[in-house]
Amino acid sequence: MTGGLPAVLAMDGGNSKTDLALVAADGSLLATARGGGIPAPARPEATVRLLAGLAGQIQRQAGLAGRAVARHISACVANADLPEEEQELAAALRAQGWSETTVVVNDTFAVLRAGLACAAPLDGRRWGVGAVC
């Protein structure tokens, strides 16, 4: 399934907008898509419908129409607030056949991790500040 596929399909689904990025193993950006916000309350079918439209755009840009999109999906989405909501959405995304592996967490984790690997060590630790507006 994954022979020659890009490494990651990253999904950042907030309440106001959703961004998808298809990234190669070397970190290069292959395709992007932007759409509306993740529906509230957490409803996997509505969220998958939104993500499917954006994933279709990514597939067309990358020449992957009708195929798997990436080896892994990392989805940070709003309204997946509880572990069972994250697990339910992860299962729904896996069922789409877009990748072999899928991880879903709340979109807060995207903010917490953004840029942290580049932050200068302070007292031997990396640190950062996240703000959501």
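These legends go with several close-up views of one predicted model.

**About the model.** Residues are counted from 1 along each chain, following the sequence as written. In this predicted model, local features need pLDDT of at least 70 and side-chain atom pairs count only at pLDDT 80 or more, whereas totals for chains, interfaces and linings use all residues, and side-chain values rest on heavy atoms, without hydrogens or water.

**View 1. The whole chain, as a starting point.** You'll find three helices and five strands here (DSSP runs numbered from the N terminus: H or I of at least four residues for helices, E of at least two for strands). Starting at the N terminus, their order is β-β-β-α-β-α-β-α. Of the 133 residues, 38% are buried (buried is under 20% relative accessible area, exposed over 50%, partly exposed in between, with a 1.4 Å probe and protein chains only). Among contacts (heavy atoms within 4.5 Å) with a separation of 6 or more, 59% join residues 24 or more positions apart.

View 2. Helix α2 takes in residues 83–94, twelve residues in total. Look for E86, L89, A90 and L93, which are buried in α2. They sit on the same side of α2, because they cover an arc of only 105° around the axis (the arc is that of the directions from the helix axis to the C-beta atoms). Their cover includes β1 (8–13), α1 (44–62), β4 and β5.

**View 3. N106 and its polar partners.** N106 belongs to strand β5, residues 101–106. With 9% relative accessibility, N106 counts as buried. Its side chain makes a polar contact with the side chain of D81 at 2.8 Å, and also reaches the backbone oxygen of A80 at 3.3 Å. A polar contact is a pair of N or O atoms within 3.5 Å; within protein, one must be able to donate a hydrogen and the other to accept it, and residues adjacent in sequence count only if both atoms are side-chain atoms. Beyond four places in sequence, N106 touches C76, V77, N79, A80, D81 and E86.

**View 4. I73 in strand β4.** I73 lies in β4, residues 72–77. Its relative accessible area is 0%, so I73 is buried. Setting aside neighbours within four places in sequence, I73 is in contact with L9, M11, W98, S99, T101, T102 and V103. A7 is 66 residues from I73 in sequence, with 8.6 Å between their C-alpha atoms.

How values were computed. The expected span of a helix is 1.5 Å times one less than its number of residues.
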